[in-house]
Structures are given as structure tokens and as C-alpha cells.
Amino acid sequence: GICTHCQLWLEWSIILSAPVEDSMSWINENRNFIRPIILIVFVVTLLGPWMFDQINVPAEYACDEPFIRLEGDFCGYPLSGLQFFSLFTVVGLSLLLLIPFFTTLLLIWKKDSLRLQTINLSVWGLALILTLLLFVIQLKDKVFYLWGLWLYIVLAICTLIVEMIIRKAKG
């Protein structure tokens, strides 16, 4: 009857909630291992393409390697994250996207600082918003080639989740 369904629901909720709590405690216990991995993946994102340097090549001519036909009369040369940051340092956008690296590095060095955790979460959130804007601006181009940008977005989302779990575990 109804009590059997309630008991079954209760048993399943206990079974399903245990791994989540275990994984949350695992993340908190291994934060000193996870944060360096975040930094390594961050560096990998900088090596991948983030945007295209566009040149005008009439459609009747082919785009030679390493250029990619983007749309119409334009070919694009994929620029790595490092090249992107060197081009846009004047604007300051690139500096905002690099700050999460340094706040995460500080969290490795200076452990258990609630203020630094808050700053780190805020900086990663801002970096995610700016990177998503950069992605949306390039939607007309072949964005699936920009794996460095994609990886940065995924890293920012994962880092926000991990850091929120760590912060929640601390109370």
C-alpha cells in the first residue's frame, strides 16, 4: 500500500543522497589536489584557439592551411588564448580572464581563507560571463573550432561548482 511506497521512496532517497554527500566530502578533502589540476587545465585552455584573425579572401579562392573558411569572403586564422590575451591586454578584458588563475594559485598557497574563497568565486563568475560574451560574439564564425574557448567555459563552470562545494563544506 501507501506505506510500502513511502518506505521505498525513503530507502531510495537515502541511497541516492549518500553518494552526493560522499562526493562533496571527497572534493573538500582533496581540494589541494583539485586546485592544481584546475591551474593545469587553465594553461591548456590558453594553448587552444579562442578566436579567429579574419582576412578577406574572395569566395572563389581557397583558404590554405592553417586558415579556415569562415563565411562568405572571409578566412580565419585561429588565435590561441595566449595570442588573444596579448592582443587584448590594452582593453583590459584579457586581464580579467587571467585573474582566476592567480586567485586559485593564492588559494593553494593560503589555505582556508573565506575572504579569498569569496573573491575567487566572484572572479571565476565574472570570467565565465565575459567568456560567454566572447563566445556569443563569435557565433557566426565556426565556434566549434575554438576548443580553447570551450574548455575555458567548461573549466569556469566546473571550478565554480567545486569552489561552492568547498565553501559549503566549511560552513
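User: In which order do the 3 strands of the open sheet come?
Analyst: In this predicted model, local features need pLDDT of at least 70 and side-chain atom pairs count only at pLDDT 80 or more, while totals for chains, interfaces and linings use all residues. Strands are DSSP runs of E (at least two residues) and helices are runs of H or I (at least four), numbered from the N terminus. Two strands count as paired if DSSP finds at least two bridges between them. The pairing is antiparallel, and the order is β1-β3-β2.

User: Which are the edge strands?
Analyst: In the order β1-β3-β2, look for strands that pair on one side only. That picks out β1 (49–56) and β2 (68–71).

User: What does the twist average from one strand to the next?
Analyst: Axes are lines fitted to C-alpha atoms (for helices, over the stretch in contact), and angles between N-to-C directions run from 0 to 180 degrees. From each strand of the β1-β3-β2 sheet to the next, the twist averages 50 degrees.

User: In β3, which residue is the bridge partner of N56?
Analyst: β1 and strand β3 (residues 74–80) run antiparallel and are joined by 7 bridges. In β3, N56 is partnered with F74.

User: Where is the cis peptide bond that has an omega of about 5 degrees?
Analyst: Most peptide bonds are trans. Here, look in the loop between β1 and β2, where P66 lies. The cis bond joins E65 and P66.

User: Which residues of α2 are exposed on its other side?
Analyst: Buried means under 20% relative accessible area, exposed means over 50%, and partly exposed is in between (1.4 Å probe, protein chains only). The buried ones in α2 are R31, I34, R35, I38, L39, F42, T45 and L46. They cover an arc of only 145 degrees, going by the directions from the helix axis to the C-beta atoms, so they sit on the same side of α2. On the other side, the exposed ones are F33, I40 and L47.

User: How far apart are the end C-alpha atoms of helix α2?
Analyst: The expected span is 1.5 Å times one less than the number of residues. With 17 residues (31–47), α2 should therefore span 24 Å. The model agrees, with its ends at 25 Å.

User: Which residue forms a salt bridge with R35?
Analyst: A salt bridge is a side-chain nitrogen of Lys or Arg within 4 Å of a carboxyl oxygen of Asp or Glu, and the whole structure has 1. Its closest N and O atoms are 2.9 Å apart, and the partner of R35 is E163.

User: Why does I27 count as buried?
Analyst: I27 sits in helix α1 (residues 2–29). Beyond its neighbours within four places in sequence, I27 is in contact (heavy atoms within 4.5 Å) with I34, V162, I165 and I166. I27 counts as buried because its relative accessibility is 14%.

User: What is the relative accessible area of T103?
Analyst: Residues are numbered from 1 along each chain as its sequence is written, and side-chain values use heavy atoms, leaving out hydrogens and water. T103 is in helix α4 (residues 93–109). T103 is buried, at 7%.
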